[in-house]
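Here's a quick tour for anyone meeting this structure for the first time. Take a look, then read on.

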Amino acid sequence: MTVIRSLNETLGQQRVVSNADGRAVIEYVAGAHMCHSGGVVQGGFISGWIDAAMAHAAISAAGGEVTPMSLELKVSFFAPARPGLVIAEGWVERQGRSVCFLEGRLTDASGAVLAKASSTVRLMDRARVEGAARAATGA
């Protein structure tokens with residue numbers, strides 16, 4: 001039997017703390033199943049957490065009818081993330097009509113910065129993106 005989990009479940013999302021005016025804060029719980037050797041969270045999860053916060057920030061700034069499509073994502077890792085609560089923050093640095101420049105960071109529960117990121121996204125019409133996805137999957 002195939003179990004389909006949502007992206008938010010897979011990433012361990014607990015709650016969106018805030019999401020307005022081009023800024024977003026999301027809490028995640030890093031699980032032991034997300035770790036590789038030494039109990040360190042795998043970098044893909046860290047990138048995903050910050051990327052999600054930045055996407056929420058872009059949507060809050062541009063309106064709910066857009067889907068931010070990544071053009072570039074850069075993540076710098078400063079300290080290992082371990083199992084437990086982590087907080088991803090994202091904000092808009094600059095926004096044009098179709099391109100948005102974002103920044104983000106991941107902290108642990110004590111506020112120590114674990115990673116920082118920057119992203120460039122293209123703001124796409126949500127209906128067009130969802131229509132193309134349905135067409136591609138035959139759904």
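## Ground rules

This is a predicted model, where local features need pLDDT of at least 70 and side-chain atom pairs count only at pLDDT 80 or more, while totals for chains, interfaces and linings use all residues. Residues are numbered from 1 along each chain as its sequence is written, and side-chain values use heavy atoms, with hydrogens and water left out.

## The sheet

Start with six strands in an open, antiparallel sheet, ordered β1-β2-β6-β7-β8-β5. (Strands are DSSP runs of E, at least two residues, and helices are runs of H or I, at least four, numbered from the N terminus; two strands pair if DSSP finds at least two bridges between them.) β1 (13-20) and β5 sit at the edges with a single partner strand each, so one side of each has no neighbour in the sheet.

β5 and β8 pair in the antiparallel sense over eleven bridges. There, E72 stands opposite T120 in β8.

## Helices on the sheet

α2 packs on the sheet, touching β1, β2 (23-30), β5, β6 (84-95), β7 (99-108) and β8. Contact here means heavy atoms within 4.5 Å. Helix α3 (residues 126-137), meanwhile, lies across β5 and β8.

## A look at S47

Is S47 buried or exposed? It's buried, because its relative accessibility is 16% (buried means under 20% relative accessible area, exposed over 50%, partly exposed in between, with a 1.4 Å probe and protein chains only). S47 belongs to helix α2. Leaving aside neighbours within four places in sequence, S47 is in contact with V75 and F77.

Terms used
Axes fitted to C-alpha atoms, helices over the stretch in contact; angles between N-to-C directions.
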